[in-house]
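Subject: Structure handover

Hello,

Here is the structure I said I would pass on. Please open it first, then read the notes below beside it.

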Amino acid sequence: MTPKLYPLQFEPILKDRIWGGEKLKTVLNKPITSKITGESWELSTVEGDVSIVANGSLKGKSLTDIIEEFPNEILGAKVHEQFGKQFPLLFKYLDAREDLSIQVHPNDKLAKERHNSFGKTEMWYVMQADENARIIVGFKEDSSKEEYVENLNNNTLVSILDDVKAKPGDVFFLETGTVHAIGAGLVVAEIQQTSDITYRLYDFDRVDAQGNKRQLHVDLALDAINYNKVDTYKEYQKKTNESNVVVDCPYFTTNFIPLDGQVEVSKSGETFTVYMCIEGSFEIEYDGNKLTYKKGDTVLVPAALNEFILNGKASILEIYIS
């Protein structure tokens, strides 16, 4: 018998990173205990890092377990048909106290062949930015494997990569093959395919607490990189109380909702919906119940819960599979 489903929150999976800091606590109120927390995985079925329900009657159950039990009700019939019982997306918040490594992600074909994994198309929404914070996204001009290798060997890779200032509200969409790095001083919300496959190209010659450099994946990356200049910045509208399309790609659709008051939501039941609270606070009202969310919260609305109300004053990202 299917339980009465409701909006699900999950325990954050916190990750210490060499480049991490403390803003996930000071900006997003995450329960971090170290000074180098770089990531909060909000919603994950990556092996070894599966999200656990934090609220309601399903509290303590894993996301994979509830999908196994109720695939159509959680995922939606269309998503279940397309992906089986796999949850196809991964949701994170990141705090870059220092620059992340320069890296690239393989496409579906390469990731399947090499790692039996999805590729990693992703997007970033900038939540907080220090003055002069920037990101690296792709090449300044169309390049080539030869030029890339030459600059990598000469320690001048950064000189041929595009460097873009970033401010709150900016969105960058990174297709697989795009060389990239989140720069120091940024807190971002990240939405991506379910994959933890990263090829690290350059790590600014950093060493960890034991004096070791992190592993690079230079050879693996050669066939994964798109050497052409790419446009990653996304313009989008901000009409109040509407779902404004930010990214619409084969892997996910992300809308931006500037909520001021009340919005009635009616879904088809074909796909789950995820809300990430970027600013402010809001409630989800459903079946006579209310649940409240604040900045930094992420909530999974099961596909079976297809009539509800958003109420409050907040900036929200709305994500689903088209």
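This is a predicted model: local features need pLDDT of at least 70, side-chain atom pairs count only at pLDDT 80 or more; totals for chains, interfaces and linings use all residues.

Strand β8 (residues 134-139) is joined by 4 bridges to strand β9 (residues 161-165), and the two run antiparallel. Two strands pair if DSSP finds at least two bridges between them.

Residues are numbered from 1 along each chain as its sequence is written, and side-chain values use heavy atoms, with hydrogens and water left out.

Strand β8 also pairs with strand β11 (residues 180-182), in the antiparallel sense and over 3 bridges. There, V137 has H180 in β11 as its bridge partner. Is β8 mostly covered or mostly open? It is mostly covered, with 6 of its 6 residues buried. Buried means under 20% relative accessible area, exposed means over 50%, and partly exposed lies in between (1.4 Å probe, protein chains only).

Next, the open sheet. Its 6 strands come in the order β1-β2-β5-β12-β7-β10, with antiparallel pairing. The edge strands, each pairing on one side only, are β1 (13-21) and β10 (171-174). On average, neighbouring strands of this sheet are turned by 20 degrees against each other, direction ignored. For such angles, axes are lines fitted to C-alpha atoms (for helices over the stretch in contact), and angles run from 0 to 180 degrees between N-to-C directions. Inside the sheet, strand β7 (residues 122-129) and strand β12 (residues 186-193) run antiparallel and are joined by 7 bridges. One of the bridge partners to look up is Q192 in β12, which goes with E122.

Now helix α6 (residues 145-153). Which of its residues are buried? They are Y148, N151 and L152. These cover an arc of only 105 degrees around the axis, so they lie on the same side of α6. The arc is that of the directions from the helix axis to the C-beta atoms. An α-helix has 3.6 residues a turn, so residues three or four places apart point the same way. On the other side of α6, E146 and N153 are exposed. The buried residues of α6 are covered by elements including β8, β13 (199-202) and α7 (218-221). After α6 comes N155, with a positive phi near 65 degrees.

A221 is a residue of helix α7, and it is buried, at 0% relative accessibility. Leaving aside neighbours within four places in sequence, A221 is in contact (heavy atoms within 4.5 Å) with V104, Y199 and L201. A221 and L201 are 20 residues apart along the chain, and their C-alpha atoms are separated by 7.4 Å.

P71, in helix α3 (residues 71-75), is buried too, with a relative accessible area of 12%. Apart from neighbours within four places in sequence, P71 is in contact with G76, H80 and K85. From P71 to V137 there are 66 residues in sequence and 36 Å in space, C-alpha to C-alpha.

Last, the aromatic rings. Rings of Phe, Tyr and Trp (its six-membered ring) pair if their centres lie within 6.5 Å; planes under 30 degrees apart count as stacked, over 60 as edge-to-face and the rest as tilted. By this rule there are 12 aromatic pairs. Why is the pair of F87 and F272 called tilted? Their planes are at 35 degrees, with the ring centres 4.7 Å apart. This pair links distant parts of the chain, 185 residues apart: F87 lies in the loop between α4 (77-83) and β5 (89-96), and F272 in the loop between β15 (253-266) and β16 (273-286). F87 is buried at 1% relative accessible area, and F272 is buried at 0%. Y202 and F204 are also a tilted pair, because their planes are at 55 degrees, and their ring centres are 5.2 Å apart. Of these, Y202 is buried at 15%, whereas F204 is partly exposed at 26%.

One aromatic cluster is formed by Y275, F282, Y293 and F308.

Regards
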